[in-house]
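Here is a short tour of a sheet, a ligand shell and a pocket. Have the sequence and the model open side by side as you read.

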Amino acid sequence: MGQIRISAKDLGGLALPNFCPRCFWVRMHCANKLPFQIFPGIFSSIDSYTKKITSVHFARYNRLPLWLSKLGNLGKPVKVPHYSQFRIVDQNTDILLWGMPDEIFQREDGSYFIIDYKTAKFTQTQDRLLPMYEVQLNGYAYIGRRQGFHPISGIGLVYMQPQTDLTQDELDLFLKEDGFLMSFAGHVLSLKLEAEQRIPPLLQKVRSIVDLASPPPGNQDCSDCKLLDQLIQMMKG
Ligand code: SF4
């Protein structure tokens, strides 16, 4: 295959314990357009609203919202390049790595801090996805450094956790004539910045899997491929 295009988030999939090289090979050979993939738009709407809250808060108070303060003094938001610009081509592997961080902040010392919002409660499920997010954010740092966001002093996640408890006393606070309000509580998580160590080997791994002439074996304990085998056997029988 010629040049490979991959997002920092998809690159993060290679770091998950249940990563399947077979599924990955198929996805990459279908230009990442698999059937039955429906992603509800509500999460990107909430991410976009969170970014508006941060930016409007900074415009009004000249400081970031308090729930970001656990990451230290992040300074001011700077313009995040569109994903059509926030990309690099790795010359060793001819892989185009792209992405679009939710926020880039510039601290008073001139360094940059990159964050991504996740609309979710920080639970064990989210914890299991952490290896993917670590690579995603390090991928952004890898691209950012090569695009002039230098030095980068930190990366982190901000979980915007929907507050779903409700008592009768609170009801009137959230009721509107045409619907209701729901609040979100920020939970921040600083991640280890190790872009230069982690990203190049993963790009090499992508190239080595995608260049295989046929799909490699899948995960032994994945039930989906077993179901597919059963279906094929039924059709043959
Ligand atoms: S083993 Fe599972 S994850 Fe791998 S290709 Fe088959 S369905 Fe996909």
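Helices (H or I, at least four residues) and strands (E, at least two) are DSSP runs, numbered from the N terminus, and two strands pair if DSSP finds at least two bridges between them. The model is predicted, with local features needing pLDDT of at least 70, side-chain atom pairs counting only at pLDDT 80 or more, and totals for chains, interfaces and linings using all residues. Residues are numbered from 1 along each chain as its sequence is written, and side-chain values use heavy atoms, leaving out hydrogens and water.

Let's start with the sheet. It is open and mixed, with three strands in the order β1-β4-β3. Because β1 (4–7) and β3 (87–90) each have a single partner strand, they stand at the edges and one side of each lacks a neighbour in the sheet. β3 runs antiparallel to β4 (residues 95–98), joined by four bridges; here V89 stands opposite L96.

Around it (a heavy atom within 4 Å) are C20, R22, C23, G218, N219, C222, D224 and C225. Helices α2 (21–29) and α8 (223–236) each give two or more residues to this shell.

The second largest pocket is lined by residues including I42, Y49, W67 and F184. Helix α3 (residues 42–61) supplies the largest share of that lining, six residues.

A pocket is an open set of points on a 1 Å grid over the protein atoms alone, where a 1.4 Å probe fits, with protein on both sides within 12 Å along at least five of seven lines; lining residues have an atom within 4 Å of a point.
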